[in-house]
Amino acid sequence: RAGLSLTPSRCSGVGLALCQRLLEEDGRIHLCIACRNEQKSEATRDLILASHPSAQVSTVEVDLGNLASVLRAARELRCRFQRLDFVYLNAGIMPNPHVNFKALWHGLLTGKLLHMLTTAEGIMTQTDRLNGDGLQEVFATNLFGHFVLVRQLQALLCGNEKPSRLIWTSSSNARESAFSLSDYQHAKGQESYSSSKYATDLTSVVLNRKFNGQGLYSSVVCPGLVMSNMTYRILPIFLWKLLMPIMWLIRFFAKTYTLTPYNGAEAHVWLFKQKPEYLDSLVKYHSCTSGLGRCYVEPRKMDVDEDTAEKFYQKLLELEEQTLEKYRDLLD
């Protein structure tokens with residue numbers, strides 16, 4: 001079986017833990033790691049082979065925020081593989097994150113602090129910018145690049161003898177209130193990460209409706225609060241060190257505080273073992289950890305409107321047609 005794991009440029013955190021855990025589940029799979037940085041992806045490959053020396057591990061270079069890079073990677077993958085059984089869409093960015101301390105204080109006074117800490121609702125703001133393709137950077141990297149890649153790999157994903165799987169890393173911070181069809185790239189707001197993750201949920205719902213009949217199934221997961229390179233950029237390191245004992249304590253009350261990348265990959269690995277035909281396309285699968293450290297998966301219904309999902313999908317198709325016009329030489 002061939003599995004493609006799209007991880008952030010540092011090839012660390014949940015992405016690395018997922019690769020290692022998948023090989024623990026099935027050492028026969030061919031694991032292809034996709035990263036922006038070739039040097040880092042090769043280093044990650046060496047790390048994985050150190051613990052799984054007989055594993056089949058290859059790499060492909062792709063920057064999800066650059067459409068030309070996405071198209072080149074898709075072409076390379078089509079040449080190298082006849083089919084893909086699993087595609088883990090895990091890459092994501094949160095540029096210039098800032099904590100809204102005023103919102104935290106208000107949450108404390110109104111008794112909503114625990115809810116805010118477990119969902120990050122209203123806590124985080126980000127400063128977005130346009131990328132080289134003229135798209136909002138967070139939208140392009142967290143969703144649109146993945147969407148274009150999936151479209152380009154459709155021949156490897158549909159019509160196979162066994163079902164193929166898309167597994168998107170979403171978030172509990174994926175909120176409808178941060179998303180707008182009229183501003184789906186979130187150019188006017190300050191919660192681009194939350195918007196992009198809600199857009200991910202919408203996209204997965206529609207992909208199931210469009211492609212289940214062709215043997216392609218899509219699921220979304222939430223890794224919980226994981227201490228990773230993305231998380232550590234939110235606050236200075238010394239503050240995280242001071243907060244860690246409190247966070248371990250919070251886990252007795254907030255099961256989504258998975259904290260470690262290994263725990264955060266629980267839902268990803270659980271889905272690897274499931275038959276997709278029996279999964280609910282309107283459910284998000286959350287990695288959870290008990291206060292005593294037991295990992296488990298909790299399914300939760302997503303707050304998505306299927307009509308909105310369909311309208312958004314049509315907008316994605318229109319944007320794809322517009323933006324790929326200048327890359328005709330990279331299209332088959």
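Residues count from 1 along each chain as its sequence is written, and side-chain values use heavy atoms, with hydrogens and water left out. Since the model is predicted, local features need pLDDT of at least 70 and side-chain atom pairs count only at pLDDT 80 or more, while totals for chains, interfaces and linings use all residues.

H186 sits in the loop between β7 (164-169) and α8 (192-211), and L259 in the loop between α10 (237-250) and α11 (261-264). Helices here are DSSP runs of H or I with at least four residues, and strands are E runs of at least two, numbered from the N terminus.

Are these two buried or exposed? H186 is buried at 8% relative accessibility, and L259 is buried too, at 3%. Buried means under 20% relative accessible area, exposed over 50%, and partly exposed in between, using a 1.4 Å probe and protein chains only. The table puts these values next to those of some other buried residues.

| Residue | Relative accessibility |
|---|---|
| H186 | 8% |
| L259 | 3% |
| S69 | 11% |
| F86 | 6% |
| Y88 | 2% |

**The hairpin**

Strands β9 (residues 283-289) and β10 (residues 295-301) pair in the antiparallel sense over seven bridges; two strands pair if DSSP finds at least two bridges between them. C288 stands opposite Y296 in β10. Five residues lie between the strands of this hairpin, and G293 takes a positive phi near 95 degrees.

**A helix residue**

S69 belongs to helix α3 (residues 67-80). Leaving aside residues up to four places away in sequence, S69 touches E61, V62 and D63, where contact means heavy atoms within 4.5 Å.

**Aromatics**

The whole structure holds 10 aromatic pairs. One of them is F86 with Y88, stacked at 6.3 Å centre to centre with 10 degrees between the planes. Rings of Phe, Tyr and Trp (its six-membered ring) pair if their centres lie within 6.5 Å, with planes under 30 degrees apart counted as stacked, over 60 as edge-to-face and the rest as tilted.

Which residues make up the one aromatic cluster? F139, F144, F147, F179, Y184, Y198, F312 and Y313.

Finally, R21 lies over the face of Y262, at 4.1 Å from the ring centre. A charge sits over a ring if NZ of Lys or CZ of Arg is within 6 Å of the ring centre and within 35 degrees of the ring normal.
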